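Subject: Structure for you

Hi,

Here is the structure I promised. My notes follow below it.

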Amino acid sequence: MFVLTLDQQDSRSNADAVPRVLDALSPIAAVVPFARTIGDEVQGVLDDPEAVAEAVRRIGIDSGWHIGIGIGEVERPLPEATTEGRGAAFYAARQAVETAKSAPAHLVVNGEPDGEHRVLAESALRLLVSTLGELRSHSRGYVGFRLDHPDATQVEIAAEFDVSQQAISRVLSAGPAEIVAGAERLARYHLSRHEAAQSEGAEHVD
C-alpha cells in the first residue's frame, strides 16, 4: 500500500490550498480518499503505483507542497478516513513528509527495503516535480491538460485556456510534457518493483 501525506509549504503566509489540491486529486482512484487530516495537511491511501505517480503529477501541477510517500502494510480493515489509519505505510509517510521539508523537490519516498527501486522511484518523482516547478502556474496547466488529453491539438488546448496557440506552443515545444510523462512512467515502474520487493521480503519473514 502507498500512503501519501502532503503538507502545504509556507502555509502561514499563503491562503489555504487544501480545497484546491483535493479538487486536483479527485480523479485519483484511492482506496481511502484524500482528505484534510489536520490544518493544512492532506492524506490518502492508494494501492496502485500508477495512481501514485499520477497523484504526484497532479500535486506538482498544483505546486507548493511537501510530499511524503510511505510504502508498506496498512492495518485491515481499511479505515473509512485516513485519520483512523494505522500501519507501517502510515508511519513511513509521516517520516517522509517531515524529511521532505528539507529534501530536493520537497519529496521523499520511504519504505523498506531501502533498495535501488525506492531510490530510483524517488528520483523520478523529484524530476517530475522539479520540471513542473520550473514552469509558471498557467504553463503547468497546459502541461497537465496535455497529459490528461494526449490527443488534444494545440488549437484545442488554446481554446480550453482561452489563449493563443502560440502561447501553448512556446510552452510545449520545450518538451516539459514529455519529461514529466517519462518521469511518471519511470516512477510507476520502480514503485511497483519496490512494492514487489516488500512483498517478497514479507513472505520470507513468514
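Start with Phe161, which is partly exposed at a relative accessible area of 31%. (Buried means under 20% relative accessible area, exposed over 50%, partly exposed in between, with a 1.4 Å probe and protein chains only.) This is a predicted model: local features need pLDDT of at least 70, side-chain atom pairs count only at pLDDT 80 or more, and totals for chains, interfaces and linings use all residues. Residues are numbered from 1 along each chain as its sequence is written, and side-chain values use heavy atoms, with hydrogens and water left out.

Phe145 and Phe161 form an edge-to-face aromatic pair, 5.9 Å centre to centre with 80° between the planes. (Rings of Phe, Tyr and Trp, the last by its six-membered ring, pair if their centres lie within 6.5 Å; planes under 30 degrees apart count as stacked, over 60 as edge-to-face and the rest as tilted.) Phe145 sits in helix α5 and Phe161 in helix α6, 16 residues apart. (Helices are DSSP runs of H or I, at least four residues, numbered from the N terminus.) Phe145 counts as buried, at 16% relative accessibility. Tyr142 is buried too, at 4%. Tyr142, Phe145 and Phe161 form one aromatic cluster.

Now the other end of my notes. The axes of α1 (residues 18-25) and α2 (residues 49-62) come within 9 Å and cross at roughly 140°. (Axes are lines fitted to C-alpha atoms over the stretch in contact; angles run from 0 to 180 degrees between N-to-C directions.) The contact, meaning heavy atoms within 4.5 Å, is made by Arg20, Val21, Ala24 and Leu25 of α1 and Ala55, Arg58, Ile59 and Asp62 of α2.

Best wishes

How values were computed: Helices (H or I, at least four residues) and strands (E, at least two) are DSSP runs, numbered from the N terminus.
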